[in-house]
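Hi everyone, thanks for coming. Let me put today's protein on the screen, and we'll walk through it together.

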Amino acid sequence: MLEFINVSKSFWTGKQRKVILDRASFRVELGNSMGILAKNGTGKTTLINMVAGLEKPDEGQIIKNCRVSFPLGFMGGVISKLSAMENSRYIARLYGLDPDYIEAFCRWMCDLDEYFDMPVGTYSQGMRSRFSFSLMLALDFDLYLIDEGMPSTTDAEFNKRAGDILRERLETTTVLIVSHKPETLEKYCRSAAVLREGQLHMFDTLEEAKQLYDYEA
Ligand SMILES: Nc1ncnc2c1ncn2[C@@H]1O[C@H](COP(=O)(O)OP(=O)(O)OP(=O)(O)O)[C@@H](O)[C@H]1O
């Protein structure tokens with residue numbers, strides 16, 4: 001279970017205070033994937049980062065009683081001067097998992113050939129995304145955090161392979177997705193919320209959330 005209790009977050013721009021969340025409370029129960037619809041620049045990444053613990057709230061409490069993933073596409077835990085092979089083994093050890101299994105899974109999943117043994121710093125953006133997404137799928141989480149759906153890679157074969165595994169994984173796990181596109185949420189979420197001017201409007205169904213979101217658009 002993930003719970004936000006009266007969480008507030010804002011940024012000072014030098015001119016004004018940009019409010020991202022104003023005393024927001026919500027709960028994601030395991031087994032009930034949730035989507036948050038929000039327009040560009042309204043705070044999707046900030047919210048996901050707060051769930052992941054990468055960003056601190058100004059006020060309020062974030063309670064996590066389950067294993068929460070890092071956000072899809074997040075490269076912060078990956079060390080650029082190490083290869084994907086070294087990174088995957090290192091991260092496996094951090095999570096107390098079998099390094100041989102994690103390395104083999106990532107090597108197969110991201111299909112980087114000899115680059116898998118070269119420093120991550122030599123990868124293109126798409127290759128980095130493939131590696132970080134593979135790593136996320138290799139580890140076991142109860143709640144997956146997804147910012148705008150699939151990683152930014154144009155490799156159709158990878159997207160299909162990763163998408164198939166993610167869909168399979170979602171049958172037994174839960175996701176929290178933030179997106180500006182209702183279509184992204186349709187695939188995975190039953191309940192949804194709309195984030196607007198710092199207020200989080202909760203709905204039992206995606207249909208209801210879409211009505212408010214579409215009405216505004
Ligand atoms: N550290 C910061 N200092 C000041 N403003 C910030 C900071 N981080 C984010 N912001 C601002 O907060 C707002 C929300 O940012 P965020 O990246 O969370 O939005 P988003 O909904 O994910 O955007 P997009 O859809 O464009 O990816 C933006 O206006 C951004 O400029």
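This is a predicted model: local features need pLDDT of at least 70, side-chain atom pairs count only at pLDDT 80 or more; totals for chains, interfaces and linings use all residues.

Counting around Asp-58 gives 12 other C-beta atoms within 10 Å. A residue with 12 or fewer counts as exposed, so Asp-58 is exposed.

Where does Asp-58 sit? Look at the loop between H1 and strand S4, which covers residues 59–64. Leaving out residues up to four places away in sequence, Asp-58 touches Ser-8, Lys-9 and Ser-10. Now find Ala-193, which is 135 residues from Asp-58 along the chain. Their C-alpha atoms are separated by 21 Å.

Let's zoom out to the whole protein. You can trace seven helices and eight strands. The radius of gyration is 18 Å, close to the 17 Å that the globule rule gives for 217 residues, so the protein is as compact as a globular protein of that length. Along the principal axes, the C-alpha atoms fill a box of roughly 50 × 40 × 30 Å. Of the 217 residues, 38% are buried. And among contacts with a separation of 6 or more, 65% join residues 24 or more positions apart.

Finally, the ligand. How many residues surround it? There are 13, and the closest are Phe-11, Asn-40, Lys-44, Thr-45 and Thr-46. Strand S2, residues 17–28, and helix H1, residues 44–52, each supply at least two residues of that shell. H1 gives the most, with three. Sorted by class, the shell has three nonpolar, eight polar and two charged residues.

Definitions and conventions. Residues are numbered from 1 along each chain as its sequence is written. A residue is near a molecule or strand if its C-beta atom, placed from the backbone, lies within 6 Å of it. Helices (H or I, at least four residues) and strands (E, at least two) are DSSP runs, numbered from the N terminus. Ala, Val, Leu, Ile, Met, Phe, Trp, Tyr, Cys and Pro count as nonpolar, Asp, Glu, Lys and Arg as charged, and the others, Gly among them, as polar. The radius of gyration is taken over C-alpha atoms; the globule rule is 2.2 Å times the number of residues to the power 0.38. A residue is buried if 20 or more other C-beta atoms lie within 10 Å of its own, exposed if 12 or fewer, and partly exposed in between; C-beta atoms are placed from the backbone. Two residues are in contact if their C-beta atoms, placed from the backbone, lie within 7 Å.
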